[in-house]
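Hi,

Here is the structure I promised to pass on. Have a look at it first, and my notes on what turned up follow below.

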Amino acid sequence: MRIFSGIRPTGEIHIGNYLGAIKNWIALQEKNECVFSIVDLHAMTTPYLPQELQKNIMEVTKVYLAAGLNPEKCIFFVQSQIKEHTELSWLLSTVTPIGDLQRMTQFKEKSVKHKRDVNAGLLNYPILMAADILLYGTDLVPVGKDQKQHVELAREIARRFNKKFGKTFKEPEVLLPKTGAKIMSLQNPEKKMSKTDNPQGCIELLDKPDAIRKKIMTAVTDPGKEIKYDVSQKPGISNLLTIYSLFSGISTTDIEKEFEGKGYQTFKEKLSQLLIEKLEPFRRKKKELELRQTLLEKILEEGRKRAQIIAQETMKKVRKKMGLLK
Ligand code: AQP
């Protein structure tokens, strides 16, 4: 199976990104041909500081590696270093109806969030994402729930292209984790945890113990005292239970039993301890990587070369099918 997925270098990677996407990638790289990217061109569709982008790309590189991504087992590269992504994105835009882009939930949400900067890139985001995926002959795209709609559109774009120009692309499928596909904000359990939202709502993979404790202890909970998984009545506690379960490997039912009659405070203290312990290796490995700038550059350069070979092959076929000169 060929796998593709990516992350925008828009800020600190959080446990939502990890549980929804990265954790799956680490498992998949063992038995599949995986291509993982830092999708920096996507990061430019929402307000960002040019002077911070390069630093963010290197930070995300370190977090990917600290989380267990193995460049010997996957292709790992920076999106903007492969020009074929933007070329294919343009070509695919000619088979994508505008209406399909306008109905995307993320476009609608981000247009509200960034009212002053609703640019064409934000609208075209899913076409670039389709190009990312289709360029590598991808079978499966492991992402969180918020990206499901975009993968479905990529599939639709592939289908349209194949119909118009003859079979060229595989139709990729989305792969969501059974649990953890949408980790919610600790400050607003109705909204997903997000890099660019309230930092108090978000546990970063590299958060220090004090920050973890503070964020968990101040996490919004629900009326009552019972530790019970019930998303409609207790969205706050249910989200914390999901996080507890995914980091401990214990089922939510067993966690409920363990905390029967114990109240929110005790539960939150235990969850803080669990996260402090489980996130410690990320911080340690990331720190080790701080001193390995040359190695990081070498890894990205190697990844660029390997990705480019596949991307160029695909583009040769696409250009021919679409009637362009060699
Ligand atoms: N809360 C979440 N729960 C589960 N999975 C999540 N993902 C994001 N948030 C959650 C998944 O993480 C991968 C990388 O996401 P991204 O960086 O490409 O962009 P995003 O989906 O827009 O993530 P953020 O954190 O919310 O970033 P900003 O604030 O920049 O918009 C994807 O697979 C995503 O599904």
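**The largest cavity**

The residues that line the largest cavity split into 12 nonpolar, 14 polar and 8 charged. In this count Ala, Val, Leu, Ile, Met, Phe, Trp, Tyr, Cys and Pro are nonpolar, Asp, Glu, Lys and Arg are charged, and the others, Gly among them, are polar. Before I go on, this is a predicted model, where local features need pLDDT of at least 70, side-chain atom pairs count only at pLDDT 80 or more, and totals for chains, interfaces and linings use all residues. Residues are numbered from 1 along each chain as its sequence is written, and side-chain values use heavy atoms, with hydrogens and water left out.

The largest cavity has a volume of about 540 Å³. Of its 34 lining residues, Gly 6, Asn 17, Asp 146, Gln 147 and Lys 192 are the closest to the centre. A cavity here is a set of points, on a 1 Å grid over the protein atoms alone, where a 1.4 Å probe fits but cannot get out; a pocket is an open set with protein on both sides within 12 Å along at least five of seven lines; and lining residues have an atom within 4 Å of a point. Grid points are joined across faces, edges and corners, and a volume is the space filled by probe spheres set on the points.

At least two lining residues each come from β1, α1, α6 and α7 (120–135). These labels are DSSP runs numbered from the N terminus: helices (H or I, at least four residues) and strands (E, at least two).

**The ligand**

So where does the ligand sit? It is in the largest cavity, where "sits in" asks that more than half of its atoms lie within 2 Å of the grid points. The ligand is surrounded by 24 residues, and the closest are Asp 146, Lys 192, Ser 194, Lys 195 and Thr 196.

β1 (2–7), α1 (15–28) and α6 (105–113) each give at least two residues to the shell, and α1 gives the most, with 4.

Now for the polar contacts (pairs of N or O atoms within 3.5 Å; within protein, one must be able to donate a hydrogen and the other to accept it, and residues adjacent in sequence count only if both atoms are side-chain atoms). An N or O atom in the side chain of His 14 is 2.7 Å from an oxygen atom of the ligand. The side chain of Asn 17 has an N or O atom 3.1 Å from a ligand oxygen atom. With Met 193 the backbone is involved: one of its N or O atoms lies 3.0 Å from a nitrogen atom of the ligand. The protein covers 99% of the 640 Å² of accessible area that the ligand has on its own, by the Shrake-Rupley method with a 1.4 Å probe; for residues, only the protein chains shown count as cover.

**The other spaces**

How values were computed. A residue is near a molecule or strand if one of its heavy atoms lies within 4 Å of it.
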